[in-house]
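I opened this notebook to record what I looked up. The entries follow below.

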Amino acid sequence: MTATPLNPFSLLLDFRSGALQPYTSRTERHLSDMKGAYADRSALEHLVDAGDPLVYEVLQYDVPEEVGQLICCTTVLHPGTVGDEYFMTKGHYHSVRETGEVYLGLCGRGYLLLMTEEGGHSATPMGPGIVGYVPPYWAHRTVNTGEEPFVFFAVYPGQAGHDYGTIEQSGFAQRVLRAAEGPVLK
Ligand code: PAN
Ligand code: ZN
């Protein structure tokens, strides 16, 4: 299969805000969109009732979802906690498991959590200039452990797709909690 021919293009990426110009889709995730993800259910319900904060947003430049294409996007993950657990993304496997991804940290700090269906797990500290490699077959979730937005750029194959259901059912191998001494992996 050959990819749909596209004309070359360029995007303008603001390293501080994560703004991508132009973008063709913008996805918002509020706390109410990820109820099962956090350990402290009552803290989550309290925050949802108190205004349901925006946890993260993704700006993406869409190209055909097919082999050979590369999708560029930025994620802006806001600071905050649910109980002691830092704000994080839903996390997913790629529907096509054989597809990897590259993350580039732009602003703020956090972790890239990774796990496999065979029980492997890993946590990469992320910050400006750090490139995190997501190998094929690894589920991935990011966590903001700072006081400002954690912003990163990502590139992944057009055909990858997103499987959220497996993580919703199994949860993630590690949680990142706020403690007196700083972020702690559990
Ligand atoms: C990223 C993620 C983005 C939001 O672009 O989609 O950070 O996380 P969730 O998709 O888990 O909500 C990526 O990994 N794309 O494949
Ligand atoms: Zn991904």
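Is cysteine 107 buried or exposed? I found cysteine 107 buried, at a relative accessible area of 6%; buried means under 20%, exposed over 50%, and partly exposed in between, with a 1.4 Å probe and protein chains only.

I noted that this is a predicted model, in which local features need pLDDT of at least 70, side-chain atom pairs count only at pLDDT 80 or more, and totals for chains, interfaces and linings use all residues. Residues are numbered from 1 along each chain as its sequence is written, and side-chain values use heavy atoms, with hydrogens and water left out.

Next I looked for disulfides (a pair of cysteine sulfur atoms within 2.5 Å). I counted 0 disulfides. Cysteine 73 is in none, since the nearest cysteine sulfur, in cysteine 72, lies 7.8 Å away. Cysteine 73 is also buried, with a relative accessible area of 5%.

Then I turned to the nonpolar cores (sets of buried Ala, Val, Leu, Ile, Met, Phe, Trp, Tyr and Cys residues joined through side-chain atoms within 4.5 Å). The largest has 37 residues, and those touching the most other members are Leu31, Met34, Tyr38, Val55, Val82 and Val143. A second, separate core has 9 residues, among them Leu13, Leu59, Val76 and Leu106.

Methods. Chains lettered and ligands numbered in written order.
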